[in-house]
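Reader: I have the sequence and the model open side by side. Could you walk me through the fold and the ligand site?

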Amino acid sequence: MYSVRTEGSFDAAHFLANYQGKCRNLHGHRWRVIIEVKSETLENGMVIDFTEIKKDLKDMLEQYDHSLIIEENTASEKLLEALNEDDYKINIVKFRPTAENFAHFFFSELKKKYNISKVKVYETPNNCAIYEE
Ligand SMILES: Nc1nc2c(c(=O)[nH]1)N=C([C@H](O)[C@H](O)COP(=O)(O)OP(=O)(O)OP(=O)(O)O)CN2
Ligand SMILES: [Zn+2]
């Protein structure tokens, strides 16, 4: 079995709603996203062309770069209105924005095109979550 890995990153702010601890406050991370694709066979000597998958990864992560990520229904209308009025880049997500949920989310997105086997998301240099199938 062959496998290839590549990675990308994005800088974004988030907070964990209903969380007892410092992460309930708005704070930022450089989210590092490492993806792995596996294959039994090679095409043109490759599992997948790095150039192609790197571009798709970059395009996917670009949406979150320099944004504020908010879990659906966890911010007041007043806050959302104020942020929108001042034209801040916001991403409302349907899941709690943890490294685990992002790993699963990015896995599902990439699965649409690639035989993805693993996604690792680093929230800090020391901590990462992994989703694999
Ligand atoms: N299993 C998870 N635990 C936590 C997550 C997560 O996504 N998965 N996220 C958070 C917070 O977002 C927080 O920002 C990270 O917390 P922590 O690692 O304590 O933050 P530090 O910056 O102090 O990390 P260092 O590695 O010590 O620099 C909380 N928990
Ligand atoms: Zn955090």
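This is a predicted model: local features need pLDDT of at least 70, side-chain atom pairs count only at pLDDT 80 or more; totals for chains, interfaces and linings use all residues.

Reader: In what order do the six strands of the open sheet lie?

Author: Residues are numbered from 1 along each chain as its sequence is written, and chains are lettered from A and ligands numbered from 1 in the order in which they are written. Strands here are DSSP E runs of at least two residues and helices are H or I runs of at least four, numbered from the N terminus; two strands pair if DSSP finds at least two bridges between them. With mixed pairing, the open sheet has the order β4-β3-β1-β2-β5-β6.

Reader: Which strands stand at the edges, and why is one side of each left without a neighbour?

Author: A strand at the edge has a single partner strand, so one of its sides is left without a neighbour in the sheet. From one strand to the next, the twist averages 30 degrees. The two edge strands are β4 (90-93) and β6 (128-132).

Reader: How do β1 and β2 pair, and over how many bridges?

Author: β1 covers residues 2-14 and β2 covers residues 27-39. Within this pair, F10 has W31 as its bridge partner, and D11 stands opposite R30. The sense is antiparallel, over 13 bridges.

Reader: What angle does helix α1 make with β1?

Author: Helix α1 (residues 50-62) packs on the sheet and touches β1 and β2; contact means C-beta atoms, placed from the backbone, within 7 Å. Axes are lines fitted to C-alpha atoms, for helices over the stretch in contact, and angles run from 0 to 180 degrees between N-to-C directions.

Reader: Which strands does helix α3 lie across, and at what angle to β5 does it run?

Author: Helix α3 spans residues 99-111 and lies across β2, β5 (116-122) and β6. Two of these strands, β2 and β5, pair in the antiparallel sense over six bridges, with I34 opposite K120. Relative to β5, α3 runs at about 145 degrees.

Reader: What pattern does the chain follow along the sequence?

Author: The chain has three helices and six strands. Read along the sequence, they give β-β-α-β-α-β-α-β-β.

Reader: Which residues does UniProt place under "active site"?

Author: The feature comes from an unreviewed entry; UniProt positions use the numbering given here, feature names are shortened, and annotations may be inferred rather than shown by experiment.

Reader: Is H66 buried or exposed?

Author: H66 sits in the loop between α1 and β3 (67-71). Leaving out residues up to four places away in sequence, H66 touches D11, A12 and K89. A residue is buried if 20 or more other C-beta atoms, placed from the backbone, lie within 10 Å of its own, exposed if 12 or fewer, and partly exposed in between. With 12 such atoms, H66 is exposed.

Reader: And how does C23 count?

Author: C23 lies in the loop between β1 and β2. It has 14 C-beta neighbours inside 10 Å, so C23 counts as partly exposed.

Reader: Which residues are around ligand 1?

Author: A residue is near a molecule if its C-beta atom, placed from the backbone, lies within 6 Å of it. The residues around ligand 1 are L16, C23, H27, T98, A99, E100, E123, T124, N126, N127 and A129.

Conventions:
Two residues are in contact if their C-beta atoms, placed from the backbone, lie within 7 Å.
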